[in-house]
Amino acid sequence: MSQIEISQKEKPLIRISVRHLVEFLEKEGDLDNRQGSVDMDAMQLGAKIHRKIQKSMGSHYTPEVSLKETFSFDAFELSLEGRADGIFTEDGEILVDEIKGISKDIASIEAPAHEHLSQAKCYAYIYGRQNEYEKIGVQMTYCQMETEEIRRFTEMYAFQELEDWMKGLLKRYEKWALFRIDHEEERNESIRGLEFPYDYREGQRDVAVSVYRSIAQEKRLFIQAPTGVGKTMATLFPAVKATGEGKGEKIFYLTAKTVTRTVATSAATLLMEQGLRYKTIALTAKEKICLMEECECNPDHCPYAKGHFDRINDAVYDGITTLEVVSREVLEEHAKKWKVCPFELGLDISLWFDLIVCDYNYVFDPNAHLKRFFGEGVSGDYIFLIDEAHNLVERARSMYSSELVKEDVLKIRRKVKDDVKLYRVLDGCNKKLLSLRKECEDYQVLPNANDLYLTVTKLLLEMDRYLEDHRNEKIEDEILEFYFNIRNFLYIYEHLDEDYLIYSEVLKEGGFKVHLFCVNPARMLESYLSKGRATIFFSATFLPIYYYKELLNQDKEAYAIYVNSPFDRSKRLLLQGVDVSTKYSKRGPAMYRKYAQYIIQVAASYAGNYLAFFPSYQFMNAVYEEFKELVSDEVEYALQSSFMSEESREIFLENFEEVRENSFIGFCVMGGIFSEGIDLVEDKLVGAIVIGTGIPQIGRERGLLQEYFDQNGRRGFDYAYLYPGMNKVQQSAGRVIRTEADRGVILLLDERFGRREYQEIFPREWQDIKPCRLEDVTKQLEEFWEGETS
């Protein structure tokens, strides 16, 4: 929200925009998600309306006037900057114009919104001060987006009146600025003497040095480092050191899974135990942290939403001055204390903290990103540490894709049939989709969907008006979900380029959809990455590196390092079964039985815990049935189900904590919840049996990906199938050796692993892979375990 620039000779300089200062200090009332929340000014239609109004104002009107003023306080300087929509000068009268697009009835606007007026008054004060006016006016221009009706509110102010008001506003901000200055001084002093908390493992120092250098030089770095190198501390420590030297304002540690966020927070806590003063917060999804049984953010349902904005700043100030490490539990207690929404409280506290540990979507998802840091026109000296970054390819594709389903339109039309205007627009949208449906036999790649876009734009405006009209009523979840979906559809459509495919598709049960499919998410990610200083992508499975560099990044100067495994290879046996295959043409009872026999022989060779990973639930269940017929009573086993609750997952993992005399086999699916992000160290896991190459099932979008990359000079099959599949294989195999004390076996069971194109993307530490067959695998396993236990 604000930046601090400090030199030794001058007072600290804090920079903040007018919009964010006003939103921070002037917001009041209830938290209410029943209100339409489209930022109309950020939409293409909103920008068009802005320009149209500005052009109509004549020669005495100057549009888009940049304004900046510095205010001096005892301990710091404050630079306030922004851009007025327009300034009107005629007959000695000066008016600062602020334009807002709205979707509700223009007649319902009885007075300017408090926040809007405050923003305009800030611009008026700065312009009046710079031009030494004794009197200056403020004009609020509201425009109904569909009808283009305009309503204006004008008020003249004596400059002295504006100055008194402005002094009061800035006085309220002073304590926040002083907190930031004092904390950063204390934080930086604590960083100066900070030492790496461990003896460096092999490769770990190289990672830390490369990370620090990348941050100092404001570059992008890709790190391929095997499990066990200690990537979390090796990336976090140099990032912390860099911020202490002014080479970064704030660290975002981004992950794909909750368990990894815990590891990052633990690493920060360890550094704080050594004296580091580094305020750290782990953000939790709204649905998980909500204090109510149902997550309905409105004052009628939730006491924490009622009057939320009247209490939130006091709650935040209390939090930032008393809390150091904020977990979900800490945040919940603090929210109860102040009777505010814990989710929103976490977002607001994060503005003042040094390390934010959160899911990818808080930075990259246009529907969930932190607008405080990454909204339109907002940027900062941020450092992005992106853990498990191999996951970001598919996550980003999902974030930046959107679809509109015809049946959803019909469903909402039935629900709002009493609202004539909205019903008609929904009907028009349905007819547009019906027209596209008639042209589509199975699926069809479309050059554009411009007509549909215009119809959905009208629909969004009507939906926004509908939500405003019913703001004091309970809105059905399906209506709200549809509203957010069409808003996302428009946002994505406005960002389409050559990295997208638009296609229509007839669904299995006769349904129909239009899909905006993000094939290469690099450009969309770039719009967020460019808001920071440096980005470190790291993963244990980043092969081939050029694939990830192309799909996650557009910086030509981004570079990569490969870190060798620090562990003794003699403690790990790597075998490839050459006599089995998961090819569809070779599947059947005989092949399923052979896989079951492999698993049983592995379990019989040495008593311990094993995970068997499969390419699909169907394949796993088929092998599982054969396995049950063959296995002895001594071996215990458990099966992953397709929809496991958190409690079920914990029960499944508890099997690996038990002390037993015989073997235990966990049957899992590659790419699922047990194939990465879990730490089963030492004897908790002694082997992984990876069945198949992990190649995704053939489907519509995989085929489109293959075709797209073929047409762009890449090996389409590799980009769509091979690389994502082998990533799952490497992740599954990586569960075995995680510390220096670990030992174990890895079996890759598929004849295709022997092919050149697969072995080309094996990690370097897999060079000692040995072939095996069902008839000799027991001998190789027993020889390995005899050597390990002798």
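Predicted model: local features only at pLDDT ≥ 70, side-chain atom pairs only at ≥ 80, totals over all residues.

Trainee: Okay, so how many residues of helix α11 are buried?

Mentor: Nine of its nine residues are buried, so the helix, residues 342-350, is mostly covered by the cut-off of under 20%.

Trainee: Zooming out, how many helices and strands does the chain have?

Mentor: There are 27 helices and 26 strands. The radius of gyration is 29 Å, close to the 28 Å that the globule rule gives for 790 residues, so the chain is as compact as a globular protein of that length. Along its principal axes, the C-alpha trace spans about 100 × 70 × 50 Å.

Trainee: And what percentage of the residues count as buried?

Mentor: Of the 790 residues, 57% do. The accessible surface comes to about 34,200 Å², and 45% of that belongs to carbon and sulfur atoms.

Trainee: Which residues touch the most other members in the largest nonpolar core?

Mentor: Tyr 173, Phe 364 and Tyr 400 do, in a core of 184 residues. Helix α4, residues 159-192, gives the largest share of this core, with ten residues. There is also a second, separate core of 39 residues, and Leu 575, Tyr 595, Val 635 and Val 669 are among its members.

Trainee: Nice. What about charges: how many positive and negative side chains are there?

Mentor: The chain has 102 positive and 134 negative side chains, with the centres of the two sets 3 Å apart.

Trainee: New topic, backbone geometry. Where is there a cis peptide bond?

Mentor: One joins Leu 543 and Pro 544, with omega at about -5°. Pro 544 sits in the loop between β18 (534-539) and α20 (545-552).

Trainee: Which residue other than glycine has a positive phi near 55°?

Mentor: That is Glu 218, in the loop between α5 (204-216) and β8 (220-224). Glu 388 also has a positive phi, about 50°, although it is not a glycine. You'll find Glu 388 in the loop between β13 (382-386) and α14 (392-399).

Trainee: Is Glu 388 buried or exposed?

Mentor: Buried: its relative accessible area is 9%. As background for your backbone checks, most residues other than glycine have a negative phi, and most peptide bonds are trans.

Trainee: Let's look at Ile 106 then. Where is it found?

Mentor: Ile 106 is in the loop between β5 (93-102) and α3 (114-131). At 8% relative accessibility, Ile 106 counts as buried.

Trainee: What is Ile 106 in contact with, apart from its neighbours within four places in sequence?

Mentor: Tyr 142, Cys 143, Gln 144, Glu 149, Ile 150 and Arg 151. Ile 106 and Glu 148 are 42 residues apart in sequence, with their C-alpha atoms 9.4 Å apart in space.

Trainee: Last one: how does Leu 639 count by relative accessibility?

Mentor: Leu 639 is partly exposed, at 30%. This residue is in strand β22 (residues 636-639). Apart from neighbours within four places in sequence, Leu 639 contacts Met 620, Asn 621, Tyr 624, Phe 652 and Phe 667.

Key. Residues numbered from 1 in each chain as written. Heavy atoms only, no water. Buried < 20%, exposed > 50% of the residue type's maximum accessible area, 1.4 Å probe, protein only. Helix = DSSP H or I, 4+ residues; strand = E, 2+ residues; numbered from the N terminus. Core = buried A, V, L, I, M, F, W, Y, C linked by side-chain atoms within 4.5 Å. Rg over C-alpha atoms; globule rule 2.2 N^0.38 Å. Areas by Shrake-Rupley, 256 points an atom, 1.4 Å probe, with all protein chains shown as cover. Lys, Arg positive; Asp, Glu negative; His and termini not counted. Charge placed at Lys NZ, Arg CZ, Asp CG, Glu CD. Contact = heavy atoms within 4.5 Å.
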